[in-house]
Amino acid sequence: MDSAGRYRLTLTVDGATVATGWWEKPATADKKFRDWIGDHGHGTARIFLVDTETGETLKAWP
């Protein structure tokens, strides 16, 4: 893993990545996921929470 944590958030707009963040604790990543929806969840934005160890997408918005 080439990041600072296991759980990665990715924000895309019109298919282009505009922000990415990594967190080690799942509870922190989940809170950030909700925060990002509140801050950026409009228009063509999409937000993904991925467990980088398993490759599983844990959450996606919308």
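I will start with the overall fold and then go to a few individual residues.

First, the ground rules. This is a predicted model, so local features need pLDDT of at least 70 and side-chain atom pairs count only at pLDDT 80 or more, while totals for chains, interfaces and linings use all residues. Residues are numbered from 1 along each chain as its sequence is written, and side-chain values use heavy atoms, with hydrogens and water left out.

The protein chain has one helix and four strands, in the order β-β-α-β-β along the sequence. These are DSSP runs numbered from the N terminus: H or I of at least four residues for helices, E of at least two for strands.

On size, the radius of gyration of the protein chain is 11 Å, which agrees with the value near 11 Å for a compact globule of 62 residues. That radius is taken over C-alpha atoms, and the globule rule is 2.2 Å times the number of residues to the power 0.38. Along the principal axes, the C-alpha atoms fill a box of roughly 30 × 20 × 15 Å.

Of the 62 residues, 27% count as buried. Buried means under 20% relative accessible area, exposed over 50%, and partly exposed in between, with a 1.4 Å probe and protein chains only. For contacts, meaning heavy atoms within 4.5 Å, take those with a separation of 6 or more: residues 24 or more positions apart account for 40% of them.

Now the aromatics. Rings of Phe, Tyr and Trp (its six-membered ring) pair if their centres lie within 6.5 Å; planes under 30 degrees apart are stacked, over 60 edge-to-face, and the rest tilted. By this rule there is one aromatic pair. The ring centres of W23 and W36 are 6.2 Å apart and the planes are at 80 degrees, so the pair is edge-to-face. W23 sits in strand β2 (residues 16–23) and W36 in helix α1 (residues 26–40), so the pair ties together parts 13 residues apart in sequence. W23 is buried at 19% relative accessible area, and W36 is buried at 13%.

Last, the backbone. Most residues other than glycine have a negative phi, and most peptide bonds are trans. Where does D14 lie? D14 is in the loop between β1 (7–13) and β2. D14 has a positive phi of about 55 degrees although it is not a glycine, and D14 is exposed at 63% relative accessible area. The peptide bond from W61 to P62 is cis, with omega near -10 degrees; P62 belongs to the segment after β4 (56–61).
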